[in-house]
Amino acid sequence: MAFAPVKEEKSCNLDQSGSGKTLAYLAPVVQRLRQEEVDGVSKSSSQSPRLVVLVPTTELASQVCGFRQRTQLESLQQGIDMS
């Protein structure tokens, strides 16, 4: 749902989880990086990253990185460690 408006450089006012907002904003960046590789302008390397993605929450980080982390609720259910 979010990809089309962002691709057309329009505002994306969706707040529904899973609507594709993160993908919509990252896809053009990934596409540009890939095109630079194809054109021979730059090359991906773990030693020299070309993109840093900063996110405000662990939930969003897990979406961006593609792996599942415990949600805040799950963490709270585990109890706390007071040393």
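## Salt bridges in this model

A salt bridge here means a side-chain nitrogen of Lys or Arg lying within 4 Å of a carboxyl oxygen of Asp or Glu. With that idea in hand, you can look at the structure above, which is a predicted model. The structure holds 4 salt bridges. As background, side chains of opposite charge can pair when their charged atoms come close.

## A pair within helix 2

Let's start with glutamate 36 and arginine 32. Their side chains meet in a salt bridge, with 3.5 Å from N to O. How far apart are glutamate 36 and arginine 32 in helix 2? They are 4 residues apart, so about one helical turn separates them.

Arginine 32 counts as exposed because its relative accessibility is 59%. Glutamate 36 counts as partly exposed, at 22% relative accessibility.

## Reaching from the helix to the loop

Glutamate 36 also has a salt bridge with arginine 50, again between side chains and with an N to O distance of 3.5 Å. Glutamate 36 sits in helix 2, while arginine 50 belongs to the loop between helix 2 and helix 3 (58-65), so this pair ties together parts that are 14 residues apart in sequence.

Now turn to arginine 50 itself. Its relative accessible area is 28%, so arginine 50 is partly exposed. Arginine 50 forms a salt bridge with glutamate 37 as well, and here the closest N and O atoms are 3.2 Å apart. Because glutamate 37 lies in helix 2 and arginine 50 in the loop between helix 2 and helix 3, the pair ties together parts that are 13 residues apart in sequence. Glutamate 37 is partly exposed too, with a relative accessible area of 27%.

Which residues do the shared partners join into one network? Salt bridges that share partners link Arg32, Arg34, Glu36, Glu37 and Arg50.

## A nonpolar patch on the surface

Charged pairs are one part of the picture; here is another. Val29, Leu51 and Val53 form a nonpolar patch on the surface. Together they have about 190 Å² of accessible area.

Where does valine 29 lie? You will find valine 29 in helix 2, which covers residues 21-39. Is valine 29 exposed or partly exposed? At 31% relative accessibility, valine 29 counts as partly exposed, since that label covers values between the 20% limit for buried and the 50% limit for exposed.

Note on methods:
Residues are numbered from 1 along each chain as its sequence is written. This is a predicted model: local features need pLDDT of at least 70, side-chain atom pairs count only at pLDDT 80 or more; totals for chains, interfaces and linings use all residues. Side-chain values use heavy atoms; hydrogens and water are left out. Patches are made of residues with over 30% relative accessible area and no salt bridge: like charges are joined within 9 Å, nonpolar side chains (Val, Leu, Ile, Met, Phe, Trp, Tyr) within 5 Å. Accessible areas come from the Shrake-Rupley method with a 1.4 Å probe; for residues, only the protein chains shown count as cover. Helices (H or I, at least four residues) and strands (E, at least two) are DSSP runs, numbered from the N terminus. Buried means under 20% relative accessible area, exposed over 50%, partly exposed in between (1.4 Å probe, protein chains only).
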